[in-house]
Amino acid sequence: MSHRFLNIILAILCVSVLAISVLVNVWQADYVKKLNEEWNRKSLESVKVALDLAALERSFGYVGFIHHFKNYVLRRKETDFIDATAAYWEANNALLNLLVAELDDKDMKQILVVQETLNEYFRNLNRAKLEFYNLPVLELDALVKVDDRSAREALISLRKNLLPSIEGQYFDTSFSNRSNGLLMAVGSSYPAFIIIAFALAISIITRRLFKRANEVNVLFDASPDAFIYSDPKGRILRTNKTVSSIFGYNQTELRNMTVEDLIEDGLKSKHQQLRKNFIKTRGSRLMLSDNTEIRGVTKAGGLVPLSIAITTTKEGVIAIVRDISQYKRLQTESTHDGLTKLLNHKAIKERLDEEVKRAKRYNRQLSVLLIDLDHFKALNDSEGHAAGDQGLLMAAEHLNAELRKHDHIGRWGGDEFLVVCPELGIEDSLELADRIRRRFASLPFPWPQQLTMSIGISSLVVSSGYSSSQNMFEEADGALYLAKELGRNRHEHYINTKRPRRVK
């Protein structure tokens with residue numbers, strides 16, 4: 001009995017060991033299958049890296065950003081600047097995708113070389129627009145020229161390293177999955193070794209992923225642009241240090257906020273709806289508006305002008321935010337007179353050109369007022385240049401108070417002002433000029449020397465084939481000459497002149 005009982009026990013143990021071995025092998029086969037599916041995913045990520053590299057070459061190369069950059073240097077057109085900016089952000093997004101991909105150190109260094117060259121191009125683009133706009137083409141080209149040979153070599157190296165045999169890698173991995181799954185399903189003689197080998201591989205991969213994540217974190221926080229990562233409901237999940245420097249909130253405070261908390265009160269509900277619609281459509285875009293300035297609200301309640309590029313992911317939205325306060329200030333300085341804060345000569349001339357074209361296109365009325373301060377030289381001679389500056393400021397404030405919001409006011413030069421009045425005909429322009437002149441003459445001036453205004457007026461005659469901004473200015477100039485000749489402190493319309501030639 002004891003022998004039979006022992007045989008039964010041994011049989012049960014053998015069956016148990018066999019069953020456990022089968023279960024272990026099945027479990028191992030399933031484990032390897034899942035692990036290899038992860039390798040499949042890595043292969044697909046290699047395809048995504050290739051697509052991102054292609055997007056980078058397309059947006060950065062000589063049919064993308066560099067093309068628009070060269071066009072802007074040659075032509076100085078705003079459309080070329082906007083196209084170059086959009087291409088920059090597309091290239092920047094492709095670079096960002098490559099930076100977070102699992103690449104080796106050599107490839108990462110090549111990507112950083114491309115990023116450095118791209119940023120240098122973009123800085124020179126903005127310098128060309130803000131600092132060197134009026135320079136000749138050859139001189140400007142020499143100032144903003146960028147040595148991009150290292151970037152081209154880096155792109156060639158990346159293409160050689162990342163693109164070859166992607167399809168073969170995918171099919172080889174798929175075949176390996178099926179083979180390994182079949183072998184493990186029927187039972188491997190060395191399951192422990194296989195598990196150990198995969199465990200070591202996972203350990204190596206994990207260490208590399210952690211290392212890459214740390215490198216991405218360093219780049220994330222070192223970026224001069226602010227990164228805001230939010231979920232589909234707008235709740236902020238992560239930000240970099242630049243966000244805190246722009247808005248004044250620390251990282252903990254930001255993680256308890258939504259993106260709408262950083263937007264002006266009047267735009268919060270509209271932005272919420274726009275965000276929901278954007279998540280549905282997916283993609284990337286640069287937030288631009290010709291009529292509305294995008295402004296963020298700081299912790300102290302201040303408003304900051306922003307440039308924002310956004311892109312969707314499966315988990316939410318990434319916004320790349322840039323503080324453009326300095327750009328706005330430089331833009332204002334380049335288009336406005338430093339003393340009166342009115343449009344400067346170049347800017348008011350551009351407005352006149354635009355309004356003449358619009359009026360002729362849509363057959364609308366348009367009038368131009370050329371205003372000169374009477375006895376201004378006598379004021380400078382008797383009271384000094386400080387009094388002259390104060391007189392110009394009083395004239396500018398008076399014009400701002402008397403004219404409509406959609407009228408354009410500019411300092412033409414010296415003590416002359418040019419006013420462009422859309423939708424204003426002959427009779428209305430005469431009435432407006434008379435009111436401006438009379439009310440200015442009645443102002444309480446702080447000097448014995450009284451200032452008055454002489455005004456020359458021109459109104460657009462759409463039926464006239466030769467009508468242009470230059471014609472209108474010359475007509476207003478002739479009318480101003482007549483007003484001066486008839487005794488000053490008066491206004492005259494060109495229709496009352498015979499094209500007199502102004503003599504300084």
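Let me begin with a term: a residue is called buried when its relative accessible area is under 20%, exposed when it is over 50%, and partly exposed in between, with a 1.4 Å probe and protein chains only. By that scale histidine 375 counts as partly exposed, because its relative accessibility is 40%.

Before going further, please keep in mind that this is a predicted model, in which local features need pLDDT of at least 70 and side-chain atom pairs count only at pLDDT 80 or more, while totals for chains, interfaces and linings use all residues. Residues are numbered from 1 along each chain as its sequence is written, and side-chain values use heavy atoms, with hydrogens and water left out.

The protein has 17 helices and 11 strands, where helices (H or I, at least four residues) and strands (E, at least two) are DSSP runs numbered from the N terminus. Of its 504 residues, 43% are buried.

Back to histidine 375, which sits in the loop between strand 7 (366–374) and helix 14 (376–383) and has a positive phi, near 65°, in a residue other than glycine. Asparagine 489 also has a positive phi, about 50°, without being a glycine; asparagine 489 is placed in the loop between helix 17 (469–485) and strand 11 (491–493), and at 29% relative accessibility it counts as partly exposed.

Now to the interior. A nonpolar core here is a set of buried Ala, Val, Leu, Ile, Met, Phe, Trp, Tyr and Cys residues joined through side-chain atoms within 4.5 Å. The largest such core has 44 residues, of which Leu56, Phe60, Phe65 and Leu125 touch the most other members. At least two residues of this core come from each of helix 1 (2–60), helix 2 (65–75), helix 3, helix 4 (105–130), helix 5 (137–144) and helix 6 (149–162), and helix 3 gives the most, with 10 residues. A second, separate core of 28 residues includes Leu399, Cys421, Leu424 and Ile457.

How do helix 2 and helix 5 pack? Their axes are 9 Å apart, at an angle of about 140°, the axes being lines fitted to C-alpha atoms, for helices over the stretch in contact, with angles running from 0 to 180 degrees between N-to-C directions. Contact, meaning heavy atoms within 4.5 Å, is made by Phe69, Lys70, Val73 and Leu74 of helix 2 and by Val137, Leu140, Asp141 and Val144 of helix 5.

Finally, the charged pairs. The whole structure holds 22 salt bridges, each a side-chain nitrogen of Lys or Arg within 4 Å of a carboxyl oxygen of Asp or Glu. Aspartate 80, in helix 3 (residues 78–99), pairs with arginine 75, the closest N and O atoms being 2.9 Å apart.

Arginine 411 and aspartate 337 meet in another salt bridge, at 3.3 Å from N to O. This pair links distant parts of the chain, 74 residues apart, with arginine 411 in strand 8 (residues 408–413) and aspartate 337 in the loop between helix 12 (325–335) and helix 13 (345–362), and both residues are buried.

In helix 14, aspartate 381 and lysine 377 lie four residues apart, about one turn of the helix, and their side chains form a salt bridge at 3.0 Å, N to O. Aspartate 381 is exposed, with a relative accessible area of 56%, and lysine 377 counts as exposed at 62%.
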